[in-house]
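Hello,

Here is the structure I said I would pass on. Please have it open while you read the notes below it.

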Amino acid sequence: MDVPSDAPHDDGRWSDEATAGWSEATDAPSGQPAAEDEPEEAPDPTAVLARLTALLGVPAGIGVGDVRVRGQNATGPGATAIGTVNITTATVGAGGRTWSETLSGTWVRQLADGYAPAPSDQRLDRQLKLRHLVCLSGADGTGRHTAACLASARRYGYDRVGVLDAEHLSDLLGTDAPVRSGHGYTLALGEEAVRDLDGMTLVGLSARLEATGSSLVLVGDFERREQEFAGHLVPHRPAAPAEVFRAQLRRLLRGQCVGWCVDGCTGDCVDVYVEEECVPHPLLAAHLAGGPRAAEVVRLAELIAQAPPRAGDLTERLERLLPRQLRERARRVLAVEDDGVEGASRWDVDQRRAFRLSCAVLAGQSVVEVQAAAGRLLAAPVPGDDGTTAPAPVGFLGGVVDLLLGPVLRQAVVLVDDDRLHGGRRIEFAPGNDQLRTSLLEVAWSDWWLPEHLLGWLATLVRTGNPGVREAAAGAVGWSARHGVRVALETVDRLARERRAGVRQAAAIALVAMAMQPELRQRVRTELDRWASSGPAHLRDTVARAYALGLARLWPDTALLHLRQIARARMQRWHHSVVRGLVEVHTAGHQATVLPALAQWTRAEDPEVWLHAGRALRQLADRWAPAPREHWPELLDLARVGTVSMTDLADCWANALSLPTTAYRSWRTLGFWLNRADGHPEVAAYCLELLGLVVAGRAPLRHRLDHQLRHVWKPLMPRNTLLDDVRRLTDEDHS
């Protein structure tokens, strides 16, 4: 094994780290702290986000795979439409902070493509031509935010639309407020912010925006202040729900044939399907006439467009998807008395109800786990219990699961045989029935159990269940925040302070679930700011885990700031959440910001920060460019095209090659780069340039490179001609 016994004392890194008790061969600590009684868990963030999306019942949360973040209605009138975001955080007077998020032009175009014009749009456009500050007044959920974003797009262009946020509106009056010239911004105001807004703040904001050549639309419910802000106010008149549905369904079905056209599809069948089959359908027409929220209409269009049903299939689909029908089904499931199934009386009403709610929370888990969870729900965990003495589960009598499910829920779930599970079967909701899970939770929350009871139960499942149960229960905790964000955050706070890594992992999943709900994002971000900057070590670790599980895709720049703060904690030596969070930011399309940040980390005062920079570089160095450039290391290819600096890359490599905790694996990875570069002159040239920068002015690394050539690389790669060029870099007089 290639152990760097001739350890150089470059920048003091070997001497500071050599006594820390680390294992170089495994790039991990040689011993876990006594407080940790579980192995490190590393769930796939893409899978976690997909499962949370199904549970939360929202069109999408944090984008998976295409680097975008969608609001509760990012494809039509509704809430914030956040695409690929660039976040600037500035500290201003009295500790206030402002945020600026620039929306992806591609995403804004897609937003406009499925937008049903509102009757008030023309008036809003005229006001934006005359003024730099406009107040758009309307009720929440009516599409006012999307209307404001698209008004800015019509005024400035699709690539110049942004979203602002501030702790206090007066913070935006400072010269360092993140407002860019020639951009249109939207800022959502809550009830308290609207109440506290005064005329002089409007005047100051308007002057500030005029000076920068930008504009701002304040979105909120200004109904009670119409007289005061009459000159700046535009009442939002939303498009009819039927128009929203038409626009969305046409956009989603564009390019598809839904009429089995014989002589070639020209697209006319889409209009026929929308106008003659869908919109006039009695169930759908009644739903749209009832004035549903725009987000609900958009979600319904998305679900229908997945596999456009016709005739009786459309009726069946609508019965499963429409909110009123869904809620009625959920009520029937939990009411239990109407089961009408012979033999169901073997279990009392509370047992059957608890089992059915457990199915909604633990979908995908084994029947045995669902039964155990139902027993714990019946055992009534004490609110705020630390979980150290969990109540004993209430036993269920053996028997047929169908009788516990009841006829209504049985139609929505499937029992899957799985020999890997204890009991051999797991319960899953059939495709298209995920919305029923959400409705069951809604009804349980409003009609059957107190929030403290349910949250205590979910916290018990997090503390006592297996990893799958923990993840599912944590997602339900995050979902519950829509009904009480304060009590949900208190529950997560208690879980995040646990000594067991698996419980903190579940707390991080709950945070991600909260952030996937647009109305909760500001509260979650404020909590993360506090935890990352001044929280105890376990809270900081939970924040890092949340970023590693996908939250970094939502707030990449904030993630880098928080992860730097967290990396200083000595506890993080035993965990890799910081590195996984950094890799998440990188893979989400922000390569241009990650490597410069890591280069700065290598110059930090804290050795712990060096460690995480070295670990992250080693992880990123294992990534290879996609075809047809698969022979290029991804980092080197990014340097070739100018996305990252070769100097920054060299600094990161020098750090990773110097630290005893990362040196062994880093030298091996570098050797693999040279092996793959042999026979590819362009790659070889960049490798040599990089190595030259790495050893320049670093005599210990040059000695180490010579050691690698003589004793490791040359014996392993005797026919690699590139090593002769590398040897010239080891000359003492090489500059």
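Leu-357, Val-361, Leu-441, Ala-444, Trp-445, Leu-454, Trp-457 and Leu-458 line the second largest cavity. A cavity here is a set of points on a 1 Å grid over the protein atoms alone where a 1.4 Å probe fits but cannot get out, and lining residues have an atom within 4 Å of a point. Two or more lining residues come from each of α14 (349-361), α17 and α18 (451-464); helices are DSSP runs of H or I, at least four residues, and strands are E runs of at least two, numbered from the N terminus. The lining has eight nonpolar residues, no polar and no charged (nonpolar: Ala, Val, Leu, Ile, Met, Phe, Trp, Tyr, Cys and Pro; charged: Asp, Glu, Lys and Arg; polar: the others, Gly among them).

This is a predicted model: local features need pLDDT of at least 70 and side-chain atom pairs pLDDT 80 or more, while totals for chains, interfaces and linings use all residues. Residues are numbered from 1 along each chain as its sequence is written, and side-chain values use heavy atoms, without hydrogens and water.

The second largest pocket (an open set with protein on both sides within 12 Å along at least five of seven lines) is lined by 25 residues. Nearest its centre lie Arg-51, Ala-363, Arg-437, Glu-471 and Ala-472. Helix α19 gives the most to this lining, six residues. The lining of the second largest pocket divides into twelve nonpolar, six polar and seven charged residues.

Thr-186 lies in strand β7 (residues 184-188). Is Thr-186 buried or exposed? Thr-186 is buried, at 0% relative accessible area (buried is under 20%, exposed over 50%, partly exposed in between, with a 1.4 Å probe and protein chains only).

Regards
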